[in-house]
Amino acid sequence: MIAFLTGRVAARGAGSAVIDVGGVGMSVQCTPSTLSRLHVGETGTVATSLVVREDSLTLFGFADDDEKHLFEQLQTASGVGPRLALAMLSVHSPDSLRHAVATEDTNALTRVPGIGKKGAQRIVLELRGKIDPPVFTDGTLPPVPDGAGAGPNGAWRTQVVSGLVNLGWSAKDAEAAAAAVAPQAEETADVAVLLRSALRTLSRA
């Protein structure tokens, strides 16, 4: 099993990055917030989970082992495959997901493209008690860690649009959502925060 990768970031796309490990380019599927920490030409490290299928071997990369562990736990719920688990972690931080499951907040789960009301209820039913509790227990959603997903001013729009398209939204809708959160970008360049705001905008539309 490949537990993690460390190497020069050779390329970065909308939903994946290529990391040069000893001259071998390893392609990893990542959330937008994880991708925002990987910069082409610089050394990067991602925790990885290898998904084996009859016709493919796919590596998924994460900012840390906690995010990776939750990714694997999410897939124990029926109907949740690696792509949907990655989408869940693209919309919510690990502790926000734990909080949603622990408090049976199905509305939070339905913000993820591909999860309807019944699907959210099933996920809560199957995962409650199985996944670790959130770090915060005072009833509030845990904040995104300082600097998570941070990027230079102006780069956030490309990353948010790419993240939304990767999650299944059309380019037109993604651009509109990015435009809607542009005022918020004047206060923060945190891509993860802006992506979640854009998703909330799309879910209300």
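Visitor: What should I know before reading the model?
Guide: It is a predicted model, in which local features need pLDDT of at least 70 and side-chain atom pairs count only at pLDDT 80 or more, while totals for chains, interfaces and linings use all residues. Residues are numbered from 1 along each chain as its sequence is written, and side-chain values use heavy atoms, with hydrogens and water left out.

Visitor: How do strands pair, and in which order do they run in the barrel here?
Guide: Strands of a sheet pair through backbone hydrogen bonds, either parallel or antiparallel. Strands (E, at least two residues) and helices (H or I, at least four) are DSSP runs numbered from the N terminus, and two strands pair if DSSP finds at least two bridges between them. Here five strands form a closed barrel with mixed pairing, in the order β1-β2-β3-β5-β4.

Visitor: Which bridges should I look at around β2 and β3?
Guide: β1 (residues 4–12) pairs with β2 (residues 16–21) in the antiparallel sense over four bridges, and alanine 11 has valine 18 of β2 as its bridge partner. β2 and β3 are likewise antiparallel, over six bridges, with serine 16 partnered by glutamine 29 of β3. Two residues lie between the strands of this hairpin, where glycine 22 takes a positive phi near 60°. β3 and β5, by contrast, run parallel and are joined by three bridges; glutamine 29 has phenylalanine 60 of β5 as its bridge partner.

Visitor: Which residues line the largest cavity?
Guide: A cavity is a set of points on a 1 Å grid over the protein atoms alone where a 1.4 Å probe fits but cannot get out, and lining residues have an atom within 4 Å of a point. The lining of the largest cavity consists of Pro32, Ser33, Leu89, Ser90, Ala192, Leu195 and Arg196, with α10 giving the most, three residues.

How values were computed:
On a 1 Å grid over the protein atoms alone, a cavity is a set of points where a 1.4 Å probe fits but cannot get out, and a pocket is an open set with protein on both sides within 12 Å along at least five of seven lines; lining residues have an atom within 4 Å of a point.
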